[in-house]
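Let's take a quick walk through this protein model. Here it is, ready to be turned around and looked at.

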Amino acid sequence: MPALNPDSAAEFTASDLLAPQTWAQRAPKLSLGVDVTCTKIAVDFQNLTRGNTDTVLRQSLELLRAATDCDTAFALTLDPETLRVTEVVAARSAFCQCQPESLVDQRLDEWPWVRTRLEHLRLSEFRDTAEGRREQRDDAHRLALLQVGSALFVTYRIRGRPAGMLGLAHGLPRGPWEVGLQLLLKLLASSLASGLGRLEIESRLNFIEDRLELSKDATHDGMWDFDAERNQMYFSPRWREMLGYDGEAASITPEWRSLVHPEDMLRVQIAMRDHVAGKLPLFDSMHRMRHRNGEWRWVLSRAKSRSDAHGRLLRLVGVELDITERKLYEEALFREKESAQITLQSIGDGVVTTDAESIIDYINPVAEQLTGWRLEDAMGRPVDEVFRTFHEETCEPLENPLTQAVNRVRPIKSMRPMLLIRKD
């Protein structure tokens, strides 16, 4: 870029004025005017990036201080929860003694007047910290300790919460601050809040996108999103893969209801209708859906709706998990248990089964006859209560062989002559 003559603003184009090289070549004592300088600062604030925020802020404060002929220009950052000053960036003239950096770690609870002026773009003016108004007296005294004679600053908010302040200060009292400077400070604070707020939103979006990207391979859930206002349906890549539509273009969206098994459709429709009507807090269903290849897959489906003030559906978002393998495993276990039950019921021996605590969970019909206990009465009871044995000759109670087997973790065969006492 060719060298520019900083003596004449007329020789600059808009692109020249916004280029960093132009301002880097300017002599410190030369100025293009407050309006041009602050327009440049406002544009830079609006276009902050994650990598240049600190540099742009420091350069802009130096330009602002020089353009307004103030002793110092500063920006401080607030913790929105505790209202503690976490950072202060300042630009000072050569012999300025103002110390705004000393505000770091101070809480606004200690500044009673400023504490009441935290609305967005609310100005606070101190004309003479040695002779402050009565309501400002405590705050003015604190500023005087920082070698500040007069100050003007404005609070800005991000996402509705106090985020920081932008200000100007002199080491000596200077009387009322000009209206033009007050408006200028509001404009710059608004631009700074906009730029920092955009960075915060971008950071949040990047975090969410990164989380979604990381969770994509770690979860088997497929997500769908129905926008009732636009009548549009979205299916996540995982959902498409789960049901065999990953080879289709994203613009081709299958009809969700047409994929539900006919035998499950009525139950699914009733549950969905009850949820949208507000009768159920969440749609929760286990049903079959048709894969692209024609086979039926079991899915666990959950959805949440959003309606307007009149109860009309606006949006419906759901997630589905393919549980086909789990369902097949459960069915196999059920068949195996059913087969075992049939076997136990048909053999001629009495069979009693318990858990690890010797609590009965099953007795077969022969055991019912031997013990006098029905299955439904025996379940949940200690085995010693149902299977009571005594020595045949001495009538002394014997340790239950089933309890012995559980405790010793090995088969037990009792060699003693044994009497079984029935329930009756």
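## Around helix α15

Just after α15, Val409 takes a positive phi of about 55°. The helix itself covers residues 401-408; helices here are DSSP runs of H or I with at least four residues, strands are runs of E with at least two, and both are numbered from the N terminus. At the other end, where α15 starts, a side-chain oxygen of Asn400 comes to within 2.9 Å of the backbone nitrogen of Leu402.

Which residues of α15 are buried? They are Pro401, Thr403 and Gln404, where buried means under 20% relative accessible area, exposed means over 50%, and partly exposed is in between (1.4 Å probe, protein chains only). Looking down the axis of α15, these buried residues fall within an arc of 155°, so they line one face of the helix; the arc is taken from the directions from the helix axis to the C-beta atoms. Part of their cover comes from α14 (383-386).

## Where the numbers come from

This is a predicted model, so local features need pLDDT of at least 70 and side-chain atom pairs count only at pLDDT 80 or more, while totals for chains, interfaces and linings use all residues. Residues are numbered from 1 along each chain as its sequence is written, and side-chain values use heavy atoms, with hydrogens and water left out.

## The whole protein

In total there are 15 helices and 14 strands. The protein has 424 residues, and 37% of them count as buried. Taking contacts (heavy atoms within 4.5 Å) with a separation of 6 or more, 47% are between residues 24 or more positions apart.

## Helix α4

Helix α4 (residues 53-68) is 16 residues long and reaches 22 Å from its first C-alpha to its last, close to the 22 Å expected at 1.5 Å a residue; that expected span is 1.5 Å times one less than the number of residues. Its buried residues include Val56, Leu57, Ser60 and Leu61. Next comes Asp69, with a positive phi near 55°.

## Two residues to look up

Asp264 sits in helix α10 (residues 262-276). Is Asp264 buried or exposed? Asp264 is buried, at a relative accessible area of 6%. Beyond its neighbours within four places in sequence, Asp264 is in contact with His287 and Arg288.

Thr253 is in the loop between α8 (237-242) and α9 (256-259), and counts as partly exposed at 35% relative accessibility. Setting aside neighbours within four places in sequence, Thr253 touches Met233, Phe235 and Arg240.

Definitions and conventions: A polar contact is a pair of N or O atoms within 3.5 Å; within protein, one must be able to donate a hydrogen and the other to accept it, and residues adjacent in sequence count only if both atoms are side-chain atoms.
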